[in-house]
Amino acid sequence: MTKLFTCLLTVALLALASSLASAHDPSSLQDFCVAVNNSNSAVFVNGKFCKDPKLTTADDFFFPGLDVPRSTSNQVGSNVTLIDVDKFPGLNTLGIALARVDYAPYGLNPPHIHPRATEIQTVIEGTLLVGFVTSNPDNRFITKVVNKGDVFVFPMGLIHFQFNIGETNALAFSSLSSQNPGVITIANATFGSNPPINPDVLAKAFQLDKNVVNYLQQKF
């Protein structure tokens, strides 16, 4: 009996550990849950209230306009149009999001992470230099030049980027494994936090002169 109890306890603990370690949006127990800003709704899933399924229409599962090029007139020369649950309520509980990424010639989608999603990107036009860095202690830089029709995947939570190395505009579409993948742009978060991180901390972490840190914090 003791051995049976120990075995059952071990199985239960492993199952619990497996559920806690799950690194993606939880599985839905219903067909869909179209998000609504209505506190009178009886169902609350993944931080959103659910629309009554009987009241849903095709428009709840439709998003237009991703064929329209976005402006890349900014400092980095890129524009990410993220279609997540906040913009597309029908994504709620479905565990997926989509992004259109426009790049000017030599435009950069700067190093960033998605804390809640793996990203798989397809190049529609142009040539991109892409890459990501593995976690400590190896910090391996894995990079490749990708062209029209190529697909590259960026694992969840790892720093990655895309850089248009061509002299013409580039376009890519990305799918992300969360309805709310989140994004942390490394330079902005580090040097543009609110309130600012103590310059002494950043100077020591990056082995920079404190005056350089102060300049970067003002820039971001």
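A residue counts as buried when its relative accessible area is under 20%, as exposed when that area is over 50%, and as partly exposed in between. Keep those cut-offs at hand for this tour of a predicted model.

**Stop 1: the whole protein**

Start with everything shown as a cartoon. Of the 220 residues, 32% are buried. The protein exposes about 13500 Å², and carbon and sulfur atoms supply 61% of that area. Now think about which parts of the chain touch each other. Among contacts between residues at least 6 apart in sequence, 68% join residues at least 24 apart.

**Stop 2: the loop between β8 and β9**

Select N139, which sits in the loop between β8 and β9. Is N139 buried, partly exposed or exposed? Its relative accessibility is 39%, so N139 counts as partly exposed. Look at its backbone too: N139 has a positive phi of about 50 degrees although it is not a glycine.

In the loop between β8 (127-133) and β9 (141-147), select P137 as well. The peptide bond leading from N136 to P137 is cis, with omega near 5 degrees. Why stop for these two details? Most residues other than glycine have a negative phi, and most peptide bonds are trans.

**Stop 3: a buried phenylalanine**

Next, select F154 in strand β10, which covers residues 151-154. With 1% relative accessibility, F154 counts as buried. Which residues does F154 touch, leaving out those up to four places away in sequence? Among them are T118, E119, Q121, V130, F132 and F161. Take Q121 and draw a distance between the two C-alpha atoms: F154 and Q121 are 33 residues apart in sequence, yet 8.1 Å apart in space.

**Stop 4**

I120 belongs to strand β7 (residues 119-125). Its 40% relative accessibility makes I120 partly exposed.

**Stop 5: a buried asparagine**

Go to N164 in strand β11, residues 159-164. N164 has a relative accessible area of 0%, so this residue is buried. What does its side chain meet there? A polar atom of the N164 side chain lies 2.8 Å from the backbone oxygen of A104. Beyond its neighbours within four places in sequence, N164 is in contact with several residues, including Y103, P105, Y106, T127, L128 and N169.

**Stop 6: into the helices**

Select P195, in the loop between α2 and α3. Here is another cis peptide bond: the one from N194 to P195, with omega near 0 degrees.

Follow the chain to N198, which caps the N-terminal end of α3. One of its side-chain oxygens lies 2.8 Å from the backbone nitrogen of D200.

Now colour helix α3, residues 199-206. P199, L202 and A203 are buried in this helix. Turn the view until you look down the axis of α3: the buried residues fall within an arc of 100 degrees, so they line one face of the helix. What do the buried residues of α3 pack against? Their partners are α2 (186-191) and α4 (210-219). On the face turned away from the buried side, find the exposed residues K204 and A205.

**Stop 7: from α3 to α4**

Just after α3 comes Q207, in the loop between α3 and α4. Q207 has a positive phi of about 55 degrees, although it is not a glycine. At 65% relative accessibility, Q207 counts as exposed.

Step on to D209, at the start of α4. A side-chain oxygen of D209 reaches to within 2.8 Å of the backbone nitrogen of N211.

Finish by colouring α4. Its buried residues include V213, L216 and Q217. Seen down the axis of α4, the buried residues fall within an arc of 100 degrees, so they line one face of this helix. They pack against α2 and α3. Which residues are exposed on the other side of α4? Select N211, Y215 and Q218 to see them.

Key:
Residues are numbered from 1 along each chain as its sequence is written. This is a predicted model: local features need pLDDT of at least 70, side-chain atom pairs count only at pLDDT 80 or more; totals for chains, interfaces and linings use all residues. Side-chain values use heavy atoms; hydrogens and water are left out. Buried means under 20% relative accessible area, exposed over 50%, partly exposed in between (1.4 Å probe, protein chains only). Helices (H or I, at least four residues) and strands (E, at least two) are DSSP runs, numbered from the N terminus. The arc is that of the directions from the helix axis to the C-beta atoms. Contact means heavy atoms within 4.5 Å. A polar contact is a pair of N or O atoms within 3.5 Å; within protein, one must be able to donate a hydrogen and the other to accept it, and residues adjacent in sequence count only if both atoms are side-chain atoms. Accessible areas come from the Shrake-Rupley method with a 1.4 Å probe; for residues, only the protein chains shown count as cover.
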